[in-house]
Amino acid sequence: MNKKDKKMGKIIDFKTKVEEETLEEIADVIRRDGLVVFPTETVYGIGANALSPIAIKKIYEAKGRPQDNPMIVHISDFDMLRSLTKKVNATQERLMKLFWPGPLTIIFEKMEEISPIVTGGLETIAIRMPSNEIAERIIAKAALPIAAPSANLSGKPSGTNIEDIKGELIDRVDLIVDGGDAHIGLESTVVKIVEDKVKILRPGKVTREELVARGFKLVEENSVLGKDEAPESPGMKYRHYAPKARAYLVDHPSRERRLETIKKMVMEEMGKCKKVCIIGCLENQDAFQEITCEYISYGSYKDLEVISHNIFSCLRKADLENVDLILIEGVETLGLGGAIMNRLIKAAEKVIRE
Ligand code: TXA
Ligand code: MG
């Protein structure tokens with residue numbers, strides 16, 4: 001982004017009340033091809049008119065995002081869906097009925113009129129109906145589908161609260177709508193339908209276990225843990241969420257074992273006069289009290305919802321500590337743990353499984 005393009009975004013406080021008049025102002029910015037950061041139940045998004053190639057180009061520029069990485073288009077009603085895709089199959093119908101509005105993005109065949117710049121040149125389009133009230137009201141007021149990637153610079157952890165977002169994006173967007181901390185904290189589950197089966201391209205709050213429990217057949221995949229990246233979701237091939245310091249993920253089914261490995265590694269690094277920061281569970285915090293290293297707790301290992309809520313801001317906090325190494329304690333991969341580990345594997349340079 002050139003210096004001359006820099007602007008100073010205005011912050012709108014919708015934490016306690018959504019003002020009708022201000023909603024109109026936000027909708028107007030969208031209609032005029034501006035950029036608006038807004039909250040959703042998953043993470044914040046940088047939104048712009050999905051039907052305007054000019055507006056979409058601005059999103060790519062503001063994020064520094066590669067242009068082959070397509071956007072998710074956010075809608076507030078089914079008329080909007082019909083303007084974006086002409087074909088909806090029975091499995092997609094069922095998914096929408098069960099999970100919309102909510103944290104599930106579904107890939108559809110795109111309508112010809114939709115500019116390839118939104119879809120990164122793909123013939124398909126990712127669509128989601130968010131459940132966050134502010135998001136829903138902004139889209140409805142603009143009466144336009146809104147393309148919105150997560151609110152962060154490309155490669156950084158997704159923005160889940162205003163403080164983190166302001167620092168990164170204030171001079172790159174027109175408006176930032178503050179709706180408080182994002183409730184879930186991890187981006188939506190992205191799925192595509194293969195015949196009548198559901199293929200998870202990006203794990204999220206809607207878990208594979210939940211889909212199976214609801215009677216969906218799944219395409220079995222390793223990609224959930226990032227071992228076998230899914231190029232079908234172009235965003236998955238890029239390194240994400242990466243802190244500036246070296247970051248290692250310590251992954252072992254036993255919590256005691258994880259603790260032991262982390263302790264051993266901290267001692268080794270400190271022996272070399274290196275500064276270390278640990279991101280781990282609340283329960284392990286005490287074990288490091290005597291040791292001079294930073295400890296950032298993501299919450300109890302027993303509560304994956306809390307961990308998902310906190311994890312991106314923990315990665316950002318660790319980034320602010322001037323350390324040589326960040327050690328991240330992994331979580332169990334069941335349920336929401338699969339999505340959390342997917343993000344942590346992408347953040348880390350190396351996964352240690354011993
Ligand atoms: O929760 C979320 O999904 C947030 C909020 C703002 O809604 N948005 C978000 O957007 O995470 P973004 O751009 O950071 O991630 C979109 C993901 C990328 O991995 C992208 O490659 C994938 O969706 N995607 C978009 N269109 C696709 C398509 N047509 N086929 C396959 N994957 C697609
Ligand atoms: Mg993103």
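Modeller: Buried means under 20% relative accessible area, exposed means over 50%, and partly exposed is in between, with a 1.4 Å probe and protein chains only. The model is predicted, so local features need pLDDT of at least 70 and side-chain atom pairs count only at pLDDT 80 or more, while totals for chains, interfaces and linings use all residues. Residues are numbered from 1 along each chain as its sequence is written, chains are lettered from A and ligands numbered from 1 in the order in which they are written, and side-chain values use heavy atoms, with hydrogens and water left out.

Colleague: Is Thr119 buried or exposed?

Modeller: Thr119 is buried, as its relative accessible area is 1%. Thr119 is found in the loop between strand S5 (104-109) and strand S6 (124-128). Helices (H or I, at least four residues) and strands (E, at least two) are DSSP runs, numbered from the N terminus.

Colleague: What does the side chain of Thr119 reach?

Modeller: It reaches the backbone oxygen of Leu122 at 2.8 Å. That is a polar contact, meaning a pair of N or O atoms within 3.5 Å; within protein, one must be able to donate a hydrogen and the other to accept it, and residues adjacent in sequence count only if both atoms are side-chain atoms. Leaving aside neighbours within four places in sequence, Thr119 is in contact (heavy atoms within 4.5 Å) with Pro70, Lys110, Thr124 and Ile125.

Colleague: Let us turn to Arg258. Which side chain does Arg258 join in a polar contact?

Modeller: The partner is Glu329, and the polar contact between the two side chains is 3.0 Å. Arg258 lies in helix H8 (residues 255-271) and is buried, with a relative accessible area of 5%. Setting aside neighbours within four places in sequence, its contacts are Val250, His252, Pro253, Glu329 and Gly330.

Colleague: How many aromatic pairs does a search of the whole structure find?

Modeller: The search finds four aromatic pairs. One of them is formed by Trp100 and Phe108, which are tilted, at 6.3 Å centre to centre and 55° between the planes. Rings of Phe, Tyr and Trp (its six-membered ring) pair if their centres lie within 6.5 Å; planes under 30 degrees apart count as stacked, over 60 as edge-to-face and the rest as tilted. Trp100 is buried at 8% relative accessible area, and Phe108 is buried at 1%. Ring pairs also link Phe78, Trp100 and Phe108 into a cluster.

Colleague: And which charged residues lie over the face of a ring?

Modeller: Among them, Arg94 lies over the face of Phe216, at 4.2 Å from the ring centre. Lys350 lies over the face of Tyr248, at 4.7 Å from the ring centre. A charge sits over a ring if NZ of Lys or CZ of Arg is within 6 Å of the ring centre and within 35 degrees of the ring normal.

Colleague: Now the backbone. Which residue does a cis peptide bond join to Trp100?

Modeller: It is Pro101, and omega is about -10°. Pro101 lies in the loop between helix H4 (90-99) and S5. Most residues other than glycine have a negative phi, and most peptide bonds are trans.

Colleague: What is the phi of Glu195, and what is that of Cys273?

Modeller: Glu195 has a positive phi of about 55° although it is not a glycine, and Cys273, also not a glycine, has a positive phi of about 60°. Glu195 lies in the loop between strand S9 (189-194) and strand S10 (197-202) and is exposed at 75% relative accessible area. Cys273 lies in the loop between H8 and strand S12 (276-280) and counts as exposed at 72% relative accessibility.

Colleague: Finally, the helices. How many of the twelve residues of H10 are buried?

Modeller: Twelve of its twelve residues are buried, and H10 is mostly covered. The cover of those buried residues includes S10, strand S11 (246-250), helix H9 (304-320), strand S14 (325-329) and strand S15 (350-352). Lys346 lies in helix H10 (residues 336-347) and counts as buried at 7% relative accessibility.

Colleague: Which residues of H1 are buried?

Modeller: They are Thr22, Leu23, Ile26, Ala27, Val29 and Ile30. Seen down the axis of H1, these buried residues fall within an arc of 155°, so they line one face of the helix. The arc is that of the directions from the helix axis to the C-beta atoms.
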